[in-house]
Amino acid sequence: MTDAKKLFIKTYGCQMNVYDSERMAEAMGAEGYTLTEVVEEADMVLLNTCHIREKASEKLFSDLGRLRPLKDARPDLKIGVAGCVAQAEGAEIQRRMPLVDIVVGPQAYHRLPALVRGSGPQVDTEFPPEDKFDHLPERRALRGPSAFLTVQEGCDKFCAFCVVPYTRGAEVSRPVDRILTEARDLVSRGVREISLLGQNVNGYHGMGQGGAWTLGRLIRALAEIDGLARIRYMTSHPNDMDDDLVAAHGDVPQLMPYLHLPVQSGSDRILKAMNRKHTREDYFRIIDRIRAARPDILFSSDFIVGFPGESDADFADTLDLVRRVGYGQSYSFKYSPRPGTPAAEKPAVAPEVADSRLQELQALILDQQRARQEAMVGQEVTVLYEKAGRQAGQMVGKSDHLHAVHVNDPSGRIGELVRVRVLASSANSLSAVKIS
Ligand code: SAH
Ligand code: SF4
Ligand code: F3S
């Protein structure tokens with residue numbers, strides 16, 4: 001008989017939240033909590049939230065509504081709200097939803113155990129002076145051979161539509177030695193691929209030997225770790241692609257040929273209104289420089305349609321940019337006005353116009369994605385096995401270019417890197433055979 005308490009975590013939003021959820025699970029693990037995937041058997045439910053669009057943040061309140069019967073039946077069930085909605089709305093969440101015991105922001109979650117031990121409603125949305133990572137237990141909750149590692153947090157760019165600078169705070173880079181230690185520890189426990197994370201990861205400027213290091217220098221140091229086969233990083237701002245980072249794409253074999261480089265719009269007028277501080281031509285030049293260093297690289301981007309003031313001609317510029325770059329994959333969103341951001345004050349584009357633009361853009365993006373996948377058929381690629389597939393004897397993993405690949409390989413092991421030949425492309429994945 002064990003008295004281990006059970007923790008259920010639901011994660012919304014970006015990879016940074018996925019990483020934070022793992023770290024919160026580890027912090028609560030030190031308090032005797034183990035993870036469960038069954039919400040009904042949890043002693044604590046933690047919702048790690050996203051504020052980026054209205055839909056994302058409203059999801060929290062509908063999920064909290066669904067937890068009410070559980071809380072009524074078991075008043076000792078602890079309910080916590082973490083992440084970016086917690087930061088943005090603080091104690092307001094408890095006023096609207098009194099069943100919430102704990103509200104904790106993304107920079108204060110090392111204090112979660114203390115908040116859980118406290119009695120009565122607890123709120124901590126401070127940006128504390130101490131580095132939370134220095135107050136968290138070691139990494140434990142590994143989910144496979146591919147791990148996230150946050151190296152930079154927050155954003156100083158203040159794009160006119162975006163809440164991140166408010167919810168995550170100012171840009172902070174973790175020191176080099178902490179990152180290298182965490183990476184070596186991950187690799188010693190079987191991790192083969194590390195994705196370096198940050199809201200503005202290529203603006204990384206953490207302190208290391210001799211002063212502040214760039215992301216390019218950090219990547220070169222990580223590439224020295226024996227057993228670390230793959231390095232990725234996200235999300236990047238076009239203006240922070242410095243020469244050394246671009247060069248690293250050509251001369252660091254572990255750095256994978258895939259880059260998420262969001263541009264948001266293809267119209268100079270809209271880019272200016274968004275406060276992106278670069279033009280479409282600047283973006284094309286950056287893409288060309290990276291392609292010169294690594295010709296087979298695949299790009300992805302984020303796009304916002306229906307930004308205030310976006311005309312048909314502006315939208316046509318976005319379609320044109322997508323055609324010119326030729327993405328491996330992309331994400332597109334309808335503009336959502338966010339409280340406290342400058343763009344929220346401006347008159348909106350008619351919703352039906354924004355909807356039809358979104359459909360048109362998504363169709364183009366899908367065509368490009370399919371074409372890039374089709375182009376892989378017949379090629380040899382390397383796959384890192386991440387899990388067993390649905391069919392017997394099947395393994396699933398990602399290629400260097402981040403395509404999901406299914407391989408029939410009954411002797412395959414999770415964490416293995418194998419050479420395969422691509423046989424076919426379907427909606428969202430490739431199928432392949434192992435080359436013996
Ligand atoms: N730091 C990254 C991404 C931040 S959020 C960057 O600079 O690109 C992820 C994506 O959400 C953004 O790239 C943007 O496309 C989208 N997004 C952010 N705010 C939004 C809003 N108010 N409405 C719609 N989409 C938004
Ligand atoms: Fe948001 Fe990214 Fe712009 Fe920062 S750079 S404000 S995170 S969209
Ligand atoms: Fe969402 Fe916060 Fe990430 S708003 S996208 S969870 S940084």
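Predicted model: local features only at pLDDT ≥ 70, side-chain atom pairs only at ≥ 80, totals over all residues.
Residues are numbered from 1 along each chain as its sequence is written, chains are lettered from A and ligands numbered from 1 in the order in which they are written, and side-chain values use heavy atoms, with hydrogens and water left out.

Staying with ligand 1, there are 15 residues around it, and Phe161, Gln199, Gln264, Asp302 and Ser336 come nearest; here a residue is near if one of its heavy atoms lies within 4 Å. Glutamine 264 places a polar side-chain atom 2.7 Å from an oxygen atom of ligand 1, while phenylalanine 161 uses a backbone N or O atom, which is 3.0 Å from a nitrogen atom of the ligand.

Around ligand 3 we find Cys14, Asn17, Thr49, Cys50, His51, Ile52, Cys84, Arg168 and Gln199.

Now to the domains, whose bounds come from an automatic or database domain assignment: domain 1 covers 5–124, domain 2 covers 142–373 and domain 3 covers 380–434. The C-alpha centres of domain 2 and domain 3 are 26 Å apart, and 16 residues of domain 2 are in contact, meaning heavy atoms within 4.5 Å, with 20 residues of domain 3.

How much area do domain 2 and domain 3 bury between them? The figure is about 1,500 Å², with 54% of it on carbon and sulfur atoms, buried area being the accessible area (1.4 Å probe) that two parts lose on being put together, summed over both. Of the area that domain 2 buries against domain 3, 42% is supplied by Pro145, Arg230 and Gln373, more than any other three residues.

Across this interface of domain 2 and domain 3 there is 1 salt bridge, that is, a side-chain nitrogen of Lys or Arg within 4 Å of a carboxyl oxygen of Asp or Glu. Arginine 230 forms a salt bridge with aspartate 400, with the closest N and O atoms 2.8 Å apart.

How values were computed:
Polar contact = N/O pair within 3.5 Å; in protein donor to acceptor, adjacent residues only side chain to side chain.
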